[in-house]
Amino acid sequence: MLTTKKRRVFPFTAVIGQEEMKLALLLNVIDPRIGGVMIMGDRGTGKSTTIRALADLLPAIDVVKDDPYNSSLVDPDLQSKEVLEKITQGENLESIQKQVPMVDLPLGATEDRLCGTIDIEKALSEGVKAFEPGLLAKANRGLLYVDEVNLLDDHLVDVLLDSAASGWNTVEREGVSVRHPARFVLIGSGNPEEGELRPQLLDRFGMSVEVKTVRDAELRVQVVDQRTSFDDNPDEFSLSVEKKQNELQQKVIKAQEILNSVQMDDDLRLNISAICGELDVDGLRGDIVTNRSARAIAAFEGRTEVQEDDIARVISCSLRHRLRKDPLEQVDSGERVIQAFCKVFDLNEKENLSKFQLSAEAQ
């Protein structure tokens with residue numbers, strides 16, 4: 001079996017601070033059905049570095065050799081039509097190991113670049129579906145990162161969110177249709193000073209986190225020293241954190257394996273829905289995401305039973321971006337979510353603020 005060489009990127013476990021962002025990303029890797037992460041915050045806070053580090057952290061995946069969609073040999077839901085037909089006909093397909101794909105969507109990308117294009121002339125003259133795969137095909141079974149997503153055309157954001165939700169991309173032109181798997185973790189980032197996403201689009205991201213510039217002088221020096229050490233000698237620096245990287249990777253793999261075994265008490269599920277009702281959250285997406293996020297964090301910590309504290313840690317990130325009804329409003333900081341949680345769970349808000357921090361010692 002062939003193995004492609006891994007990228008050399010800044011290690012995930014060496015990223016200092018931004019615990020909320022790191023854990024939200026890990027939870028979406030453990031359960032991609034959470035629906036992705038929207039990261040809003042200042043420029044230069046390590047958003048892109050952390051996301052690329054996440055892709056490097058994840059274990060390699062087995063893909064069908066020479067398949068443009070990173071098709072799986074064993075899961076029909078992750079196979080292109082061509083691969084599925086070959087397997088059905090009994091062909092022996094060769095697989096290779098590949099690093100989890102990490103795809104950047106540039107701001108100036110067109111819909112054809114994103115979704116792929118069909119060569120109509122070739123389709124009509126030769127009777128074949130001449131399809132040139134786009135970025136959604138490359139991102140299948142990986143991460144798709146959109147920096148400055150709040151500046152992206154709304155119709156492209158719609159396409160991204162539709163594909164992320166359904167797991168499929170369909171391209172139709174002049175009666176010719178092509179459909180291929182497009183399951184990926186959608187990660188968007190942006191600076192709120194440059195514009196907000198419409199509430200209807202923001203609501204469709206599973207989680208929303210906020211990152212801020214580190215103000216502590218000693219911590220800033222530590223960040224600079226870490227980056228300088230990596231730039232000067234990437235191999236040596238990566239080797240120094242290899243043990244932590246492997247431990248975290250195994251923790252994520254184990255969480256993925258036990259996720260379906262994680263149970264949640266009916267009373268906790270009722271309370272989640274009561275909080276969503278108290279906050280007047282539109283639709284049921286908030287309920288679903290909070291349930292999935294709580295189960296994912298329990299699995300990440302090696303447990304098969306969701307606790308009240310698990311819900312407290314994920315509920316702000318799961319709901320606060322769903323409270324904005326007016327496009328001119330700012331995204332809630334999470335205070336309203338905390339107030340509703342304490343009301344439903346009958347807790348004293350001031351005495352329990354520490355329960356609502358989405359963080360974990362990922363290192």
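Modeller: Contact here means heavy atoms within 4.5 Å. This is a predicted model, in which local features need pLDDT of at least 70, side-chain atom pairs count only at pLDDT 80 or more, and totals for chains, interfaces and linings use all residues. Residues are numbered from 1 along each chain as its sequence is written, and side-chain values use heavy atoms, with hydrogens and water left out.

Biologist: Which residues does L358 contact, leaving aside its neighbours within four places in sequence?

Modeller: L358 is in contact with E19, E20, L23, A24, L27, M207, I297, R313, V314 and C317.

Biologist: What makes a set of residues a nonpolar core?

Modeller: Its members are buried Ala, Val, Leu, Ile, Met, Phe, Trp, Tyr and Cys residues joined through side-chain atoms within 4.5 Å. The largest such core has 66 residues, of which L27, I39, L54, I311 and L358 touch the most other members. Helix α1 gives the most to this core, with 8 residues. A second, separate core of 33 residues includes L105, L135, V171 and V178.

Biologist: Why is S163 called buried?

Modeller: Buried means under 20% relative accessible area, exposed over 50%, and partly exposed in between (1.4 Å probe, protein chains only). S163 has 3% relative accessibility, so it counts as buried. This serine lies in helix α7. Beyond four places in sequence, S163 is in contact with L136, W168, N169, A182 and F184.

Biologist: Why does S240 count as exposed?

Modeller: Its relative accessibility is 56%, and therefore S240 counts as exposed. S240 is placed in helix α10, residues 234-240.

Biologist: What makes a set of grid points a pocket?

Modeller: On a 1 Å grid over the protein atoms alone, a pocket is an open set with protein on both sides within 12 Å along at least five of seven lines, and lining residues have an atom within 4 Å of a point. The largest pocket holds about 1300 Å³ of space. Its lining has 41 residues, and V29, D31, P32, R33 and R183 are the closest to its centre. Among the elements that give two or more residues to this lining are α1 (19-30), β8 (142-147) and α13 (285-300).

Biologist: How do the residues of that lining divide?

Modeller: There are 23 nonpolar, 9 polar and 9 charged residues in the lining of the largest pocket.

Biologist: Where does pLDDT stay under 50?

Modeller: On this scale of predictor's confidence in each residue, from 0 to 100, residues 1-5 stay under 50. The model has 13 contacts beyond four places in sequence for residues 1-5. The protein chain averages a pLDDT of 87, and 91% of the residues score at least 70.

Technical notes: 1 Å grid on protein atoms, 1.4 Å probe; cavity = no way out; pocket = protein on both sides within 12 Å on 5 of 7 lines; lining within 4 Å. Points joined across faces, edges and corners; volume = space filled by probe spheres on them. Helix = DSSP H or I, 4+ residues; strand = E, 2+ residues; numbered from the N terminus. Nonpolar A, V, L, I, M, F, W, Y, C, P; charged D, E, K, R; others polar.
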